[in-house]
Amino acid sequence: MARSQARRHATAVGEDARRVLAASVAVALVLIGIVVTPSAAQAAGPTTFSNTASIAIPAAGSADQIGTASPYPSDIVVSGMPGSVTKVQVVFNGLTHASLNDVDAMVVAPSGQSLVVLSDVADPESTIAFASNATLTFDDTAAGAVPTGNVPTGTYRPTNNGGGDAFPAPAPVPSAQTTLAGAFTGINPNGTWRLFLVDDATGDLGTMAGGWSLVITTEEAAVPTVTTVTTSGSPSATGTPVTFTATVTAAGSPVTAGTVSFSVDGAPQGAPVAVNASGTATFTTSALAEGTHLVTATYSGSTGFLTSNGSLSQRVDNATVVTGNTFCNPGAVTVPGAGAAVPYPSNITVSGLAGPVAKVTATLSGLSHTAPIDLDVLLSGPTGANVVLMSDVGGTTPVSGTTVTFDDTGAPVPTPLVSGTFRPTDDDSDVPDAGFPAPAPIPSTATALATFDGTNANGMWSLWVVDDATGDAGSIAGGWCLTITTTTPTTTTITSSVNPSTFGDPVTFTATVTAAGSTVTTGTVLFSQGGTPLADVAVGPTGQATFTTGDLSVGSQLITATYSGATGFGGSSGTLEQSVLPTPTSTVLSSSLTPSVLGNPVTFTAIVTAGSGATPTGSVQFADGGTPLGSSVPLAADGSATLTTSSLAVGPHAITATYLGASAFGISSAGVQQVVLGPVVADAGGPYSAAEGEGVTLDGSGSTPGATLEWDLDGDGDFSDASGPSPTLTWSQLQALGINDGPSAHRVALRATLGAQQATDTTELDLLNTGPETIVEGALTATAGEPFTVKVGADDPSPSDMAALFTYTIDWGDGSPAEQVVGPADPPATHTYVAAGAYTASLSSTDKDGGTGATLSIVVVVAAAPVTPPTAPPTTPPTGSSAGSSGGGLPATGADPRAAALLAGLLLFAGAAAVHIARRRAQRG
């Protein structure tokens, strides 16, 4: 219903403002890029939209006269506005309320942007603001904020003096914006705007009899801008100029038209400043009071550009007054009826002090308060340490102009409070004070100013003052001071005369004490080993203290030299890792018998001596490789240890004797190689097989490890034919041993020798027959009708086969029956081909043992029988003619050129075959 009411009452001023946009873009090319400047932007407005329905603040019947208004929210529907928002004004019509301090008002745009336009106008403990049928217009350009007392009809800046206002649902969380421009510039105005009103304190009622209005100005073809603010330095000092620079950009480029208005804590600062060619405007002031100030720069907007704003927090401190080691902030601290003081915090900057803090005292000058028990005072230092100086102490008797110094040596803060020196006192120290709002640190559990001891004194110290109850106020009119005592830090270094040292040898430790690069000649140095004191020695005129001892235990010892400190010098310490080595020893090991025989006892003797001449004590561990031989054996009085064993297996053994050391003697060891003989095993492996022409590799790996292995392959009893666990014999070596014709079987014998022991083993070598390779010698061309003869040869790896006859089987390839020829390695074979052509003949050879090699295929080219031409009278050929001659001596009459070409190719093939045969004969020797 409220929305329809708003539609009925919204004015139509903006309906007639619609125009056809006539926007032009001027593009200017410059050396550094392209600058695009909007022109002819069209504005619509200001246009007023209203909801005249009365609003009860709070809703009628609200308990304790506190809570949300009715209606909640109140809506205004905006429509028909072209472009984006450039300005918004909010109007409260006929506002009546007995305490505007209690009224919180937030406006929310259709797209969710929000601004609290009214909240916490004044401190209700001290001042009341009220209105009677007043019309309040909220405008960023107004001269001032909503005043206290009787608020008349007028135009005011949005006024929000509080923080953390809570608006019940469906209200959103308030934004951090402080101006209407910052909240709403550039948005689409059309849609439902909402006003959320809350009365957040009891005892007062009010109404907004005429409802509320929005005055909206928009602009088409305008672009959004961004305004940023920077400072020439923060914190700055009171009375010292500080310059604030606002930079206005649009799409990353500077905006060069329009003005920027600066404000500090909401108060305008002089006239608007025009932006320059770089898009910047500056404002300089030296009038900022001590404290933290919100500096805001608001860009006014111009043709084609929307408004925007930016802000920053500027911290301003009084200049610290330094007298010796006392540092003061003379500025007054004003304590309100409730809450944080002004300034909050009050700061002192300490500089130029050398060394860590030794003591701090704090003095509050001119302290006045109507109820000191309400004061909470916290001191924090540059390194983060803090302590509550006073809280819930001092009673309720008013004080005026008192001077209170806090010193750990004083008595507790008295009741009633009087001038004097007292230690930090917090009656609720078991529960940390929660009344120090941000940005104060959380109070620590420290109860004394000694919490700052040892920290760096230089930097910012802050005094945080809060009144934690209502109804009273006060001040620290004379400001506050810190008196800081520091000590010159010292450095203690320690050196050793020898490191590492040997047990029993004397070692001298020297401690050197310096301060700021100079030696310190007073005080003492305590030398200690671990946590055990050794000696306290005075520092000499050279700044050194020395201590000598020969009673250090073996191992790594932490030696500490601690300087006690003296007047003006702080204590310090240095440490050193002293390594104390045991007395070195030497071990010698011997065997009673080596090599020994399996099962017979062997005695090992270890003798241990020390470099210092003393006889070592302790025990020796005997081991076979990495395996201990029983338990360790104690040393005898002469430093010897013996072990007798008969359990060693056959083979070599790395026997070690390790002296295990003692409290003052180092570890040492020695070794001896013990050989134990046992039954020798020979394993010839096999049986083996090899073909004629191949070698063979023997395998004696199954024999006794370490034994000498010798082989007999020709059965002559001489084991010199080969040696080693896996010898390889070539075919030539086998032939030399008479193993040259297969199939045949041969005995292989292996002899293993270890010391005086020997063993033999035999196996068999089967020599397999290899078929011969068939060879043909002679030209592979024939003439039809004439006998054709070639030599058929055989190549066999066995000399016995080569000395015997071979059987040759020949298939001439012309369909005639295969024939056999028996002869030595190269008998002739003759055959007559009937017709011309190319015939593939197949030949194979078989040795005396029946082994047949691979079949050899050859191509025999058979030429036709020559034709005798009829006799003709000689003629003289014409000049230049080659007729009657073939160039090769052959008759040309009747010759077929294709047959001649075929014949020539086959002759080349035959020549190559002849070369192959010749090479094979050369290889056979």
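A: Phenylalanine 788 is buried, with a relative accessible area of 3%, where buried means under 20% relative accessible area, exposed means over 50%, and partly exposed lies in between (1.4 Å probe, protein chains only). Tyrosine 833 likewise counts as buried, at 0% relative accessibility. The model is predicted, so local features need pLDDT of at least 70 and side-chain atom pairs count only at pLDDT 80 or more, whereas totals for chains, interfaces and linings use all residues. Residues are numbered from 1 along each chain as its sequence is written, and side-chain values use heavy atoms, with hydrogens and water left out.

A pair of aromatic rings is described by the distance of the centres and the angle of the planes. Rings of Phe, Tyr and Trp (its six-membered ring) pair if their centres lie within 6.5 Å; planes under 30 degrees apart count as stacked, over 60 as edge-to-face, and the rest as tilted. The ring centres of phenylalanine 788 and tyrosine 833 are 6.3 Å apart and their planes stand at 45°, so this pair is tilted. The pair links distant parts of the chain, 45 residues apart. Phenylalanine 788 belongs to strand 68 (residues 787-795), while tyrosine 833 sits in the loop between strand 71 (828-832) and strand 72 (837-846). Helices (H or I, at least four residues) and strands (E, at least two) are DSSP runs, numbered from the N terminus. Ring pairs also join Phe788 and Tyr833 with Trp812 and Tyr839 in a cluster.

By the rule for rings, the count comes to 13 aromatic pairs. One of them is formed by tyrosine 72 and phenylalanine 196, and it is edge-to-face, with 5.2 Å from centre to centre and 75° between the planes. Here too the pair links distant parts of the chain, 124 residues apart. Tyrosine 72 lies in the loop between strand 5 (67-68) and strand 6 (74-78), and phenylalanine 196 lies in strand 14 (residues 191-199). Tyrosine 72 counts as buried at 18% relative accessibility, and phenylalanine 196 counts as buried at 1%.

A disulfide, which is a pair of cysteine sulfur atoms within 2.5 Å, joins cysteine 328 to cysteine 481, with an S to S distance of 1.9 Å. The count of disulfides comes to 1. Cysteine 328 is in strand 28 (residues 326-329) and cysteine 481 in strand 40 (residues 480-486), so that the pair links distant parts of the chain, 153 residues apart. The torsion about the S-S bond is about 110°, and the disulfide is therefore right-handed. Cysteine 328 is buried, with a relative accessible area of 16%, and cysteine 481 is buried with a relative accessible area of 16%.

The protein has 5 helices and 73 strands, and buried residues make up 42% of its 925 residues. Of the contacts (heavy atoms within 4.5 Å) with a separation of 6 or more, 66% are between residues 24 or more positions apart.
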